[in-house]
Amino acid sequence: MYLHLGQSVVVPHKNILGIFDLDNSSWAFKTREFLERAEQEGRVVSVCDDLPRSFVLVGGEEGPPTVYISQLSPSALLRRTESNWFE
């Protein structure tokens, strides 16, 4: 199963480490530091044209996880995972 993050980007459910609200989580120093480091290392992928509302942490088989920035709300992404949007 896959989760559609926006702009034709899909990721496997099994690789999703977390779905986070960008407004609520980015106020924490450690989260901002993590996102800044990921961007410096080229591990951030923006899949939105509008105001970003969430980020999804996706781990692969090797290397550090990738951060996907999405304009979809965390609740919308959660509904998609629960309803098996792409089976």
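Two strands count as paired when DSSP finds at least two bridges between them. With that in mind, welcome to this predicted model, whose secondary structure comes to 3 helices and 6 strands. Four of the strands form an open sheet, and helix H3 packs on that sheet. The points below go from the whole chain to the sheet, then to the helix, the cores and a loop.

**The whole chain**

- Reading from the N terminus, the elements run β-β-β-α-α-β-β-β-α.
- The C-alpha trace spans about 35 × 30 × 20 Å along its principal axes.
- The radius of gyration is 12 Å, which agrees with the value near 12 Å that a compact globule of 87 residues would have.
- Of the 87 residues, 39% count as buried.
- Take the contacts between residues at least 6 apart in sequence: 49% of these join residues at least 24 apart.

**The sheet**

- The 4 strands of the open sheet follow the order E3-E5-E6-E4, and their pairing is mixed.
- E3 and E4 (44-46) are the edge strands, and each of them pairs on one side only.
- From one strand to the next, the twist averages 20°.
- E3 pairs with E5 in the antiparallel sense over 5 bridges; here Ile19 has Val56 of E5 as its bridge partner.
- E5 also pairs with E6 (residues 66-70), again antiparallel and over 5 bridges; Phe55 has Ile69 of E6 as its bridge partner.
- E4 and E6 run parallel and are joined by 3 bridges.
- In E6, Ile69 is the residue that stands opposite Ser46.

**Strand E5, covered on both faces**

- In a regular strand, side chains alternate between the two faces of the sheet.
- In E5, Ser54, Val56 and Val58 lie on one side, while Phe55 and Leu57 lie on the other.
- Both faces of E5 are covered, and these residues are all buried. That makes 5 of 5 residues buried in this strand.

- Pro74, Ala76, Leu77, Arg80 and Thr81 are the buried residues of H3 (residues 74-82). They cover an arc of only 160° around the axis, so they sit on the same side of H3.
- Arg79 and Glu82 are exposed, on the face of H3 turned away from its buried side.
- The cover over the buried residues of H3 includes strands E1 (2-6), E3 (16-21) and E5 (54-58).
- Within the sheet, H3 touches E3 and E5, and its direction makes about 145° with that of E3.

**The nonpolar cores**

- Nonpolar side chains tend to be buried together in soluble globular proteins.
- The largest nonpolar core here has 10 residues: Leu3, Leu5, Val9, Val11, Ile16, Val47, Val56, Val58, Tyr68 and Leu77.
- E1, E2 (9-12) and E5 are the elements that give two or more residues to this core.
- Another core, of 8 residues, lies apart from it; Leu22, Leu35, Ala38 and Phe55 are among its members.

**The loop between E1 and E2**

- Gln7 is found in the loop between E1 and E2, and its phi is near 50°, a positive value in a residue other than glycine.

Technical notes:
Residues are numbered from 1 along each chain as its sequence is written. This is a predicted model: local features need pLDDT of at least 70, side-chain atom pairs count only at pLDDT 80 or more; totals for chains, interfaces and linings use all residues. Side-chain values use heavy atoms; hydrogens and water are left out. Buried means under 20% relative accessible area, exposed over 50%, partly exposed in between (1.4 Å probe, protein chains only). The arc is that of the directions from the helix axis to the C-beta atoms. Contact means heavy atoms within 4.5 Å. A nonpolar core is a set of buried Ala, Val, Leu, Ile, Met, Phe, Trp, Tyr and Cys residues joined through side-chain atoms within 4.5 Å. Axes are lines fitted to C-alpha atoms, for helices over the stretch in contact, and angles run from 0 to 180 degrees between N-to-C directions. The radius of gyration is taken over C-alpha atoms; the globule rule is 2.2 Å times the number of residues to the power 0.38.
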